Amino acid sequence: MEPMSEHPIELGPLPQCWKRRHLLGLEDLTAEELTAVLDKADLFKQALVAGTRRVPLLSGITNCNLFFENSTRTRTSFSLAARRLGADSIDFSASTSSLSKGETVIDTAKNIEAMGADVMVVRHRTPGTPHLLAQNLDCCVINAGDGPHEHPTQGLLDILTIRQRRGTLQGLTVALVGDIAHSRTARSNIWGLKTLGAHVIVCGPSTLVSPRWKELDVEFSYSLDDILPRVDVLNLLRIQFERQHDRPFPSVREYAHLYAMNRDRLARAKDDILILAPGPINRGVEVTPDVADGPQSAILEQVTNGVAVRMAVLWLVTSVLRAAPVGS
């Protein structure tokens, strides 16, 4: 095994447009701010692909992953991102914490901050929890998913993957297919994609896609086959049974028949269609194995980009924190 390589990286100064100590969602970000994150993530991605495993820009910073829901990709990539930047990273386990003794989420977070945490990466089933913590903590807060509300870094890594493959978001038609009603990934994608000039379609069963999505200036459809010929990018979302009280369709088999991306549908799509999926993927439900592992798929690229995006976000928010006057 080769030793860990450590090299400087020319990031340039903090972008003038970026003044945020927290990243709570993409809804309020401007095109300039979104582009700033994507540009920095591109630089980190180039360094990682070139073999650089450590870019010690955040030495002395402590990152805490405060996760109240299960996670594989997001928690691991935030931990890796922090360590690649030279920061210390702590993983919090809700099941073994004092929450079981009646301590509130705010008190838990304040105690971790008192131990020296500079960044709190928060995932919670209740929408708005990262926003509440941002109002009560002095450290940086990054939303790693709050219920069905937003998942900003997932939205950013999806958008980065599209931009790397297609060069621009402007004028592309991007379809989000699946459990739109319960998807925080869908919401973050919608805000980011629309701000950067893409046309967004949400598609799925009528029980999971309401006509009210038109209020967000997106198109909606109940038929994947109807929209497929004009789609440039297809983002396949998992059915989130854990957030549902009733089964939204008769069977998984029927859902797969109507909405799974398979070889037959791929043959009817654009030749250069890009297939994304935020994961975890259920092979044979949202997408068949041959498509998931095929040349149009960028599913594993998304995972790689997740580390780069989270490195960029950690660097941006902590740069603002470090630049702030003491006591501000």
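I started with helix α1 (residues 31–49) and α5, whose axes come within 10 Å and cross at roughly 70°. Axes here are lines fitted to C-alpha atoms, for helices over the stretch in contact, with angles from 0 to 180 degrees between N-to-C directions. That makes α1 and α5 roughly perpendicular to each other (65 to 115 degrees; under 35 is roughly parallel, over 145 roughly antiparallel, and the rest oblique). I noted the contact residues (heavy atoms within 4.5 Å): L34, T35, V37, L38, D39, A41, D42 and K45 of α1 with L156, I159, L160, R163 and Q164 of α5. They divide into seven nonpolar, two polar and four charged. For these classes, Ala, Val, Leu, Ile, Met, Phe, Trp, Tyr, Cys and Pro count as nonpolar, Asp, Glu, Lys and Arg as charged, and the others, Gly among them, as polar.

A reminder to myself: this is a predicted model, where local features need pLDDT of at least 70 and side-chain atom pairs 80 or more, while totals for chains, interfaces and linings use all residues. Residues are numbered from 1 along each chain as its sequence is written, and side-chain values use heavy atoms, leaving out hydrogens and water.

Next I looked up α5 and helix α6 (residues 184–195), which pack at about 55° with axes 8 Å apart. α5 and α6 are therefore oblique to each other. On the α5 side, the contact includes P152 and I162, and on the α6 side, T185 and L193. Four nonpolar, six polar and one charged residue make up this contact of α5 with α6.

Then came α5 and α11, with axes that come within 8 Å and cross at roughly 115°. Among the contact residues I found T153 and R165 of α5, and E301 and V313 of α11. The contact of α5 with α11 has five nonpolar, seven polar and four charged residues.

Which elements give two or more residues to the lining of the second largest pocket? I found α2 (73–84), α5 (152–166) and α11 (299–323), and α11 gives the most, with seven residues. (Helices are DSSP runs of H or I, at least four residues, numbered from the N terminus.) A pocket is an open set of points on a 1 Å grid over the protein atoms alone, where a 1.4 Å probe fits, with protein on both sides within 12 Å along at least five of seven lines; lining residues have an atom within 4 Å of a point. The lining divides into nine nonpolar, seven polar and five charged residues.
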